[in-house]
Amino acid sequence: KIFCFDPADGDVLWTAQAQSGFRHNAICIGGDRLYAIDRISGPELSRLKRRGEEARVQPRLVVFDLTSGQELWSTVQDVFGTWLSYSDERDVLVEAGRVASDTISDEPKGMRAYGAASGEALWENKSFAGPAMLHHDTILMAGKACDLLTGARLYADLRVQLSKPNFA
């Protein structure tokens with residue numbers, strides 16, 4: 001479950017029940033909304049497959065009104081992520097995996113950006129890997145960078161770009 005508390009008095013404003021499980025790195029807040037990915041873990045999915053079973057429900061990305069808890073939009077269309085980032089400047093939500101040496105084995109590759117208010121998919125790139133760290137209109141990821149609004153690659157290798165002296 002997700003619990004949303006009133007910061008003034010600590011009272012519970014609303015709760016939301018996961019269909020499978022809310023991923024801790026896949027919950028974020030912005031634009032007066034709470035975004036969460038509700039999906040079964042990779043190890044649990046592997047266990048089900050070994051037993052010849054399938055998950056009861058599809059992974060979903062769900063968006064709640066932060067004040068009321070009302071579901072604003074959701075999608076089950078190829079939801080893969082374990083990481084969410086939000087751009088307040090552009091009202092864009094980014095879904096990604098978080099491929100790193102300290103993560104569990106079910107971390108996927110891929111990245112997708114949504115119009116956060118509408119849920120409209122802006123772009124997707126299955127070869128990108130998160131986490132998706134946002135800086136203005138740039139997504140920084142694993143030594144690379146791309147444009148937040150288009151997904152266009154900005155630098156072949158961000159480490160090389162950052163090591164160049166800036167005399168401007």
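Predicted model: local features only at pLDDT ≥ 70, side-chain atom pairs only at ≥ 80, totals over all residues.
The tour starts with a hairpin. One of the pairings puts Ile2 together with Ala16 of β2. Between the strands of this hairpin sit 6 residues, and Gly10 adopts a positive phi near 80°.

Next comes a sheet further along the chain. In general, the strands of a sheet are held together through backbone hydrogen bonds, in either a parallel or an antiparallel way. Here the pairing is antiparallel, and the sheet is an open one of 4 strands in the order β3-β4-β5-β6. Its edges are taken by β3 (22-30) and β6 (71-75); each has a single partner strand, so one side of each has no neighbour in the sheet. On average, neighbouring strands are turned by 15° against each other, direction ignored. As for the pairing of β3 with strand β4 (residues 33-38), it is antiparallel and spans 5 bridges. Within that pair, Gly30 lies opposite Arg33 of β4.

Strand β8, made up of residues 92-96, is joined to β7 over 5 bridges in the antiparallel sense. Looking across to β8, Leu84 has Glu95 opposite.

Notes
Residues numbered from 1 in each chain as written. Heavy atoms only, no water. Pairing = 2+ DSSP bridges. Helix = DSSP H or I, 4+ residues; strand = E, 2+ residues; numbered from the N terminus. Axes fitted to C-alpha atoms, helices over the stretch in contact; angles between N-to-C directions.
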